[in-house]
Amino acid sequence: MTIYQFLLPFLLWVCLPHFCSPEIMFRRTPVPQQRILGPRIPRSDGKILHRQKRGWMWNQFFLLEEYTGSDYQYVGKLHSDQDKGDGSLKYILSGDGAGTLFIIDEKTGDIHATRRIDREEKAFYTLRAQAINRRTLRPVEPESEFVIKIHDINDNEPTFPEEIYTASVPEMSVVGTSVVQVTATDADDPSYGNSARVIYSILQGQPYFSVEPETGIIRTALPNMNRENREQYQVVIQAKDMGGQMGGLSGTTTVNITLTDVNDNPPRFPQNSIHLRVLESSPVGTAIGSVKATDADTGKNAEVEYRIIDGDGTDMFDIITEKDTQEGIIIVKKPLDYESRRLYTLKVEAENTHVDPRFYYLGPFKDTTIVKISIEDVDEPPVFSRSSYLFEVHEDIEVGTIIGTVMARDPDSSSSPIRFSLDRHTDLDRIFNIHSGNGSLYISKPLDRELSQWHNLTVIAAEITNPKEMTRVAVFVRILDVNDNAPQFAVFYDTFVCENARPGQLIQTISAVDKDDPLGGQKFFFSLAAVNPNFTVQDNEDNTARILTRKNGFNRHEISSYLLPVVISDNDYPIQSSTGTLTIRVCACDGEGNMQSCSAEALLLPAGLSTGALIAILLCIVILLVIVVLFAALKRQRKKEPLILSKEDIRDNIVSYNDEGGGEEDTQAFDIGTLRNPAAIEEKKLRRDIIPETLFIPRRTPTAPDNTDVRDFINERLKEHDLDPTAPPYDSLATYAYEGNDSIAESLSSLESGTTEGDQNYDYLREWGPRFNKLAEMYGGGESDKDS
């Protein structure tokens, strides 16, 4: 603590007279004696009240805080007028801090503070004093209360609640714009002196900012501070008590001030012109490039909207704004054609979307640039003259007639010739065809509208020099109707007439249908093919007709049914007609005309047999016939019972000899001449697996000449087997093959080995080389097996 902190309290203490000899005097006043200190106050009962004089006279004590002396600090003195100085009275102190913080001399009444006191902890203390007789311990004066107030000294510096403040102010603000207010607090007594009077000043941050001394409000001090030049500022504020005078205590805080952005910078293109390239085959919507204008501002103040304001490509191109990157994306708006135009020029403008009216004088807040777009040539596929074709043709058109022509051209400058073709997936029946050179579509099969009214075809046009470049177009063929179908009965009519029918009675209403579809709608006419004495037709002129009787007295025993030919014709050109025959049965009916029976044979049956009985008789006859047929089939099959009844039928055993020939060098493996050798033809042998039905004498076939071809030889043998009744069944396969000259080992087959009586010796197989070792092991060990 500096010397000023001790000097000022000392001077105050010296100047105040009650600080020098603080004393409370006790004056005793006789109780009977009264002194009127104010006006008399009447009571409700008529008596007058008088104010009584107190027996104590007391005053407040004042004590300086932060006492630094070595002795106890003197506070004041208590004294009673009953004190004669003989030590008969005793002073007692009670209340806040009595006996600990404050002590009293019981003889003299002097009060002292035992330690240093801080006013910021407690500003005053309330105590009670009393004087009693030391001998009798009775009070000589009533107890009185007094206060010890702690006088403040400047021992606390101003403090800020935050060590660092953060604030912001828009850039380009006018001088005096409020930024933020900082407030410091001082723990000293604001009602005593200037210890708590705080004054603010700026230590760092000039000349950009200033602070109001009394309020601590920081304001801008320079005009047009630009965020793009400097964005962050650090300001140090000092708060000093004692009104800012010398000797006052102070505290500081730091305020970080950021200049926020305003839209005070227009967008600018870095280049006056931009060149882009795009292929003519680029589809609509393709992005071909981008342009970007820079803006020194940030956030929404830097948002830019792009548009095309001029140029010869405004119809071919468009521009969209990409919000994330703030770029203008140029896209294709219409199909491009290198052969039509190769260069386009656009004038693109970039403008801020959020403009602050305060800064209009810094504008305009937009900029322009020139964009040149070059179109690059590519090999394009052919282009049809239409996006689709529609051809209409009558269904009676002749085959080969041209129904229409599709046209296509090569859009490239080379103008390659075009070849046309039909996608056969759209014409599976191959009803249509197209000339590959000129694109003429013609009929290759008769048409029928009633089968298919529409044909949806696809025509392909491809460059002859580059077939990969092709284009497809839809061709719709509508088949127009021709009256080529005659009307017919709409349904099958089950018509009957009652035996008791009267002339002119309606027995059936008929209608017709026609597969054709005339423009004026269907119109049918009904008539009889010839005059009929029994029935007549009456046309209702609504595509229906009525069948009426012309007589009465029909008899089903005489005629059970009538055939009535009805002619149905249409009203289209050329007129088509057909004759439909109605079968009219004669039936027995009740009085109301309901049919009961139409069969004349039913009357001839015995009365005792019903329809169910007849059906049962027929079923029994059918079952008997089936049994007879099955019995005959089984008997016939037994006649062809195989001779071999063993379970191991030779027809079920197939032995495969995978023996290879000698290759190309083996000239003796097959002799074609043998097929022409009559001696090689064996006698016909009968089948051994079934019992022969008829024995035929084998006949010898004439010998073929030596120059007969093998094919003729085989055909002759095939013909002989076809005509020979003793040949195998037709489901058997006769194979003609020749294995070569006779083997020295004769046949190796085991099929006829069972016919030989003695055992065969196969030891010679070991002498044929390693190829026959396996065969020698199979047949050579027969004796050893027997012996074992």
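1. The largest nonpolar core has 23 residues; V291, Y306, F317, I330, V371 and I373 touch the most other members. Such a core is a set of buried Ala, Val, Leu, Ile, Met, Phe, Trp, Tyr and Cys residues joined through side-chain atoms within 4.5 Å. Buried means under 20% relative accessible area, exposed over 50%, and partly exposed in between (1.4 Å probe, protein chains only). Elements giving two or more residues to this core include strand 19 (273-279), strand 22 (317-322) and strand 25 (366-376). Strand 24 supplies the largest share, four residues. Strands (E, at least two residues) and helices (H or I, at least four) are DSSP runs, numbered from the N terminus.

2. The model is predicted: local features need pLDDT of at least 70, side-chain atom pairs count only at pLDDT 80 or more, and totals for chains, interfaces and linings use all residues. Residues are numbered from 1 along each chain as its sequence is written, and side-chain values use heavy atoms, with hydrogens and water left out.

3. Look at V371. Leaving aside neighbours within four places in sequence, V371 is in contact (heavy atoms within 4.5 Å) with I274, L276, V291, I330, Y344, T345, L346 and V348.

4. An open sheet of four strands runs in the order 27-34-33-30, with mixed pairing. Two strands pair if DSSP finds at least two bridges between them. Strand 30 and strand 33 (residues 454-463) run antiparallel, joined by five bridges. R419 stands opposite A462 in strand 33.

5. Helix 3 (residues 710-723) has buried residues V710, F713, R717 and E720. They lie on the same side of helix 3, because they cover an arc of only 85 degrees around the axis. That arc is taken over the directions from the helix axis to the C-beta atoms. R711, K719 and L723 are exposed on the other side of helix 3.

6. Two cis peptide bonds deserve a check. One joins Q206 and P207, with omega about 5 degrees; P207 is in the loop between strand 14 (199-204) and strand 15 (209-211). Another joins Y573 and P574, with omega about -10 degrees; P574 is in the loop between strand 41 (561-570) and strand 42 (577-589).

7. Most residues other than glycine have a negative phi, and most peptide bonds are trans. M242 has a positive phi of about 60 degrees although it is not a glycine. M242 counts as buried, at 15% relative accessibility. E541 has a positive phi near 60 degrees, but is exposed, with a relative accessible area of 63%.
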